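Subject: Structure for your review

Dear colleague,

Here is the structure that I said I would pass on.

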Amino acid sequence: MEQLTKEKSLERGLKNRHIQLIAIGGAIGTGLFLGAGKSIHLAGPSIMLVYLMIGAFLFFVMRALGELLIYKSTTGSFIDFSEEFIGPWAGFITGWTYWFCWIATGIAEITAVGMYVKYWVPSIPQWVPALICVLILLLINMATVKAFGEIEFWFALIKIIAILALIIIGFVLVFIGFKSHETTATFTNLWSYGGFFPNGVSGFLLAFQMAVFSFVGIELVGVTAGEAMDPKRTLPKAINSIPIRIIIFYIGALFIIMSIYPWSGVDPESSPFVRVFSLIGIPAAAGVINFVVLTSAASSCNSGIFSTSRMLYTLACQGKAPKRLKSLNDRNVPAPALIFSTLVLLVGVLLNYLLPKEVFTLVTSIATICFIWVWGVILVSQLRYRKMMPENARNNSFKMPFAPYSNWIVLAFFVFVIILLGFAKDTKIALFVTPVWFLILVIGYFFMKVKK
């Protein structure tokens with residue numbers, strides 16, 4: 001069995017269209033579709049500036065990742081780069097933290113699935129659709145990497161069509177001056193209810209946590225590199241399209257939502273996308289959009305199951321996780337790693353049973369801190385790459401702009417976001433929970449070294 005495993009390898013089954021749509025889908029998740037309600041409630045129209053700032057900083061993270069991936073495209077990119085350019089300890093901590101990131105994100109996504117299903121069946125317990133979602137996605141991922149690519153392609157396409165439809169319909173409503181019993185659609189809604197910063201600087205700053213979470217998964221392109229057919233052509237194209245995606249899908253969607261009805265009318269507990277189509281007066285339209293945001297959550301959870309299994313597989317191949325997890329099935333899928341990640345993800349089903357109201361904010365806050373670690377490691381790895389391999393860096397065809405200054409500016413921004421988490425009661429707990437995770441990893445790394 002051991003010999004068979006060594007002869008197998010992950011299949012390069014992801015085509016250009018898969019990579020491009022995975023890149024888009026990774027940047028559009030539940031943080032936007034569901035979390036935008038909370039963000040708008042906190043910041044008002046200034047939430048657009050929040051998203052623009054975060055998007056700009058994360059574009060530099062992706063360019064740093066792109067430079068590293070052109071140097072070497074591997075499935076365990078974050079582990080490999082951090083281990084090669086920072087040290088073995090960084091590879092161990094980053095690999096397991098990225099796995100934990102997506103477990104937390106997956107729990108947030110299946111929580112969203114449970115909330116969306118309640119739109120149609122209010123009496124159903126939140127944990128039931130969460131469990132069904134996890135089991136279906138496990139079966140899809142057990143097939144082939146191409147099956148993952150196809151389902152993610154169509155999930156992402158549904159998201160794109162929905163947001164473009166929202167923007168087009170929204171512009172039409174504004175230009176005809178659409179009126180409902182609640183409001184009139186007009187661009188003046190953006191400044192007529194307390195101005196651009198209606199809740200002051202504090203509301204603007206507190207919106208950063210959920211807005212940062214909206215972007216988790218943007219780095220998923222790096223995980224797909226090892227299974228992409230032509231990474232040196234497809235990855236730069238996917239990364240360079242990030243700014244236009246942010247402007248259209250984030251800023252465009254939020255601009256239209258707050259023009260159709262005042263920001264003060266947004267319910268922080270529900271999806272503003274569903275609300276927009278409910279206002280039109282066509283019940284079926286709201287139901288369709290609820291289906292869209294449900295598939296968006298399932299899409300992100302699908303990405304999470306994929307990425308956690310690949311990260312565990314890489315950790316196992318490098319001796320940082322149990323050897324059994326590096327086995328591949330007959331379709332070259334890391335089945336044991338996939339099953340283990342899914343079993344841990346079922347903790348989310350339990351949390352939805354025990355804490356249906358609090359679970360979403362708790363896990364998104366934890367995921368935000370862990371993703372910031374991963375993004376920070378990418379920036380530091382790129383800095384070290386240029387220092388340790390200057391000749392290779394000079395010849396790299398996809399360079400990080402304004403490095404090393406841009407690296408340090410983005411790292412400072414990440415520290416700023418983590419500090420902000422301490423100022424909100426519902427996100428503060430993550431600052432106490434997450435260090436426990438890193439402590440466990442440090443202890444685990446120490447025992448791994450002693451065992452060797």
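**Salt bridges and what they join**

At 29% relative accessibility, E83 is partly exposed, where buried means under 20% relative accessible area, exposed means over 50%, and partly exposed lies in between (1.4 Å probe, protein chains only). Please keep in mind that this is a predicted model, in which local features need pLDDT of at least 70 and side-chain atom pairs count only at pLDDT 80 or more, while totals for chains, interfaces and linings use all residues. Residues are numbered from 1 along each chain as its sequence is written, and side-chain values use heavy atoms, with hydrogens and water left out.

The side chain of E83 meets that of K320 in a salt bridge, at 2.5 Å from N to O; the term stands for a side-chain nitrogen of Lys or Arg within 4 Å of a carboxyl oxygen of Asp or Glu. This pair links distant parts of the chain, with E83 in helix α6 (residues 77-85) and K320 in the loop between α16 and α17 (335-345), 237 residues apart. Helices (H or I, at least four residues) and strands (E, at least two) are DSSP runs numbered from the N terminus. K320 is buried, with a relative accessible area of 9%.

By this rule the count comes to four salt bridges. Another of them joins the side chains of R386 and E67, at 3.0 Å from N to O. Because R386 lies in helix α19 (residues 359-388) and E67 in helix α5, that pair ties together parts that are 319 residues apart in sequence. R386 is partly exposed, with a relative accessible area of 26%, whereas E67 is buried, with a relative accessible area of 0%.

R394 also forms a salt bridge, with E391, and there the closest N and O atoms are 2.7 Å apart. These two residues, R394 and E391, are three residues apart in helix α20 (residues 390-395), so about one helical turn separates them. An α-helix has 3.6 residues a turn, so residues three or four places apart point the same way. R394 counts as exposed at 53% relative accessibility, and E391 as partly exposed at 48%.

**The fold as a whole**

The protein has 22 helices and zero strands, and of its 452 residues 60% count as buried. Residues 24 or more positions apart account for 83% of the contacts with a separation of 6 or more, contact meaning heavy atoms within 4.5 Å. The accessible surface comes to about 17600 Å², of which 72% belongs to carbon and sulfur atoms; accessible areas come from the Shrake-Rupley method with a 1.4 Å probe, and for residues only the protein chains shown count as cover.

**Inside the protein**

The largest nonpolar core has 144 residues, of which I47, Y51, I54, W96, F273, W375 and F414 touch the most other members. Such a core is a set of buried Ala, Val, Leu, Ile, Met, Phe, Trp, Tyr and Cys residues joined through side-chain atoms within 4.5 Å. Leaving aside neighbours within four places in sequence, W96 is in contact with L312, L315, K320, A321, W437 and L441.

F438 lies in helix α22 (residues 425-451) and is buried, with a relative accessible area of 17%. Apart from neighbours within four places in sequence, F438 is in contact with I93, T97 and W373. S309, in helix α16 (residues 283-317), is buried at 0% relative accessibility, and beyond its neighbours within four places in sequence S309 is in contact with P334, A337, L338 and S341.

The buried residues of α21 include N407, F413, F414 and L421.

**A nonpolar patch on the surface**

The residues L49, L52, L164, I168, V172, I176, F196, F197, I244, I247 and I248 form a nonpolar patch on the surface, with about 950 Å² of accessible area together. Patches are made of residues with over 30% relative accessible area and no salt bridge, like charges being joined within 9 Å and nonpolar side chains (Val, Leu, Ile, Met, Phe, Trp, Tyr) within 5 Å. Helices α5 (47-71), α9 (145-175) and α14 (242-260) each supply at least two residues of the patch. L52, found in helix α5, is partly exposed, with a relative accessible area of 44%.

With best wishes
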